[in-house]
Amino acid sequence: MLTDRHILLVVSGSIAAYKALELVRLLRKAGATVTAILTAGGARFVTREALAGLTGQRVHDDLWAAEAEIGHIRLARLPDLVLVAPASADLLARMAQGLADDLATTVLLATRAPVLVAPAMNPAMWEHPATRDNMARLAARGVRVVGPGVGAMAEPESGPGRLAEPEEILAAVAALLAPPAAPPAAPSVERALNQPLAGRHALVTAGPTHEPIDPVRYIANRSSGRQGYAIAAALAALGARVTLVSGPTALPDPPGLVTCRIESAREMLAACEAALPAEIAVMAAAVADWRVARAAGQKMKKEPGAGAPVLEMALNPDILATIARHAMRPRLVIGFAAETEQVVAHAIEKRRRKGCDWIVANDVSGEVMGGARNTVHIVTAEGVEDWPELPKDEVATRLAARIAARLGGADRAARP
Ligand code: C5P
């Protein structure tokens, strides 16, 4: 997944810095070369020896020593991506100000590579207006963010500020470094007419998510991914640059767009946030509402006479609601509502609750999940449209045409 990719990992001062070690292991397993910079704060929590051992490379921690060996400009030009994980409140503040008072900030100022930060701090620090301002400034400059999550912290306190899990950070890195979709063909009048979404970026989610119980077992659902894949292909056919974030499916990657494969809901959210900015978001994935709170690190054993295990569940993030309220919210956010009763009434309520623009509602009491046909209702601020039963490809073509019409492009693909 990351073969031949070079990641420069900056580890700053947070109790979560120990997770950077697992992150290095995952990045290298995915094929990346990892060079680490350890800040003075970071060195309070992990040792340079541990990082050197796991990266297989010398760790840089001193501006002036690095200057003598490689030079901060060369260090800044090496990577395909600079990943700051964990990113402390202090380091984010220094980045926002453009300081260059240690090796990490100097390299961050000198690099032209994309920068991804994974913040980790106490919830009060994360919610402080100073940190909010710093994050807004960094986002405006194109810095990407993964996490932080909400959950138990080192202190007896809970809230946003917890470092994203290493698997989520890996998914965000992979999404950022995914090869760009094939460049559009040479412009022509015909192309401009048939490709009303040319130049626009669309994010599409599809498929189920797999929530691990242990390394060999997971919780999943019956989603095949067909409707979401068809929508991604239909948007690409109208000229959009499409990022498809897909859970595990049996479908091949659709040609002409970027497919980012993830497993869990938290990885899907990280990949979606990393794919922003986008003008269109179509969230067709059947995301698991819950995950196992603490997946076992080893295969759970069936002990004679011990009875069945009880799984404690935790709530997954709502990806659609998060994207619909994101600082980089796409212009048009579309959700799906799979219902087995009161389909339209539930969809109207869902549109409001999730903060999206349209809901595509369907009755899944029949053979829809995994099947080839679908009957949908399009719920918008203006009202409800009932579409006839159609093949999923046709639902996708019509939806893409309606999206193009809404965004003001020539709507040549619309059917009468
Ligand atoms: O709440 P419900 O699962 O019915 O909402 C369905 C819509 O919300 C779909 O668009 C689905 O992709 C999205 N969703 C999500 N994250 C979740 C649950 C649902 O993005 N955790």
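**Ligand shell and domain layout**

Helix 13 (319–324), strand 16 (332–339) and helix 14 (343–354) each give at least two residues to the shell around the ligand. The model is a predicted one. The protein has two parts, domain 1 (6–176) and domain 2 (189–414).

**Around the ligand**

- The residues around the ligand include M283, A285, V287 and D289.
- P317, D318, I319 and L320 are also among them.
- G335, F336, K350 and K354 belong to the list too.
- By type, the shell holds seven nonpolar residues, one polar residue and four charged residues.

- A nitrogen atom of the ligand sits 3.0 Å from a backbone N or O atom of I319.
- A polar backbone atom of F336 is 2.7 Å from an oxygen atom of the ligand.
- The side chain of K350 has an N or O atom that lies 2.4 Å from an oxygen atom of the ligand.
- On its own, the ligand has 440 Å² of accessible area, and the protein covers 87% of that.

**Between the domains**

- The C-alpha centres of domain 1 and domain 2 are 30 Å apart.
- Eleven residues of domain 1 contact eleven residues of domain 2.
- An interface's size is often given as the accessible area lost when the parts come together.
- Between domain 1 and domain 2, the buried area is about 870 Å².
- Carbon and sulfur atoms give 63% of that buried area.
- R144, E168 and A175 supply 46% of the area that domain 1 buries against domain 2, more than any other three residues.

Technical notes: Residues are numbered from 1 along each chain as its sequence is written. This is a predicted model: local features need pLDDT of at least 70, side-chain atom pairs count only at pLDDT 80 or more; totals for chains, interfaces and linings use all residues. Side-chain values use heavy atoms; hydrogens and water are left out. A residue is near a molecule or strand if one of its heavy atoms lies within 4 Å of it. A polar contact is a pair of N or O atoms within 3.5 Å; within protein, one must be able to donate a hydrogen and the other to accept it, and residues adjacent in sequence count only if both atoms are side-chain atoms. Accessible areas come from the Shrake-Rupley method with a 1.4 Å probe; for residues, only the protein chains shown count as cover. Helices (H or I, at least four residues) and strands (E, at least two) are DSSP runs, numbered from the N terminus. Ala, Val, Leu, Ile, Met, Phe, Trp, Tyr, Cys and Pro count as nonpolar, Asp, Glu, Lys and Arg as charged, and the others, Gly among them, as polar. Domain bounds come from an automatic or database domain assignment. Contact means heavy atoms within 4.5 Å. Buried area is the accessible area (1.4 Å probe) that two parts lose on being put together, summed over both.
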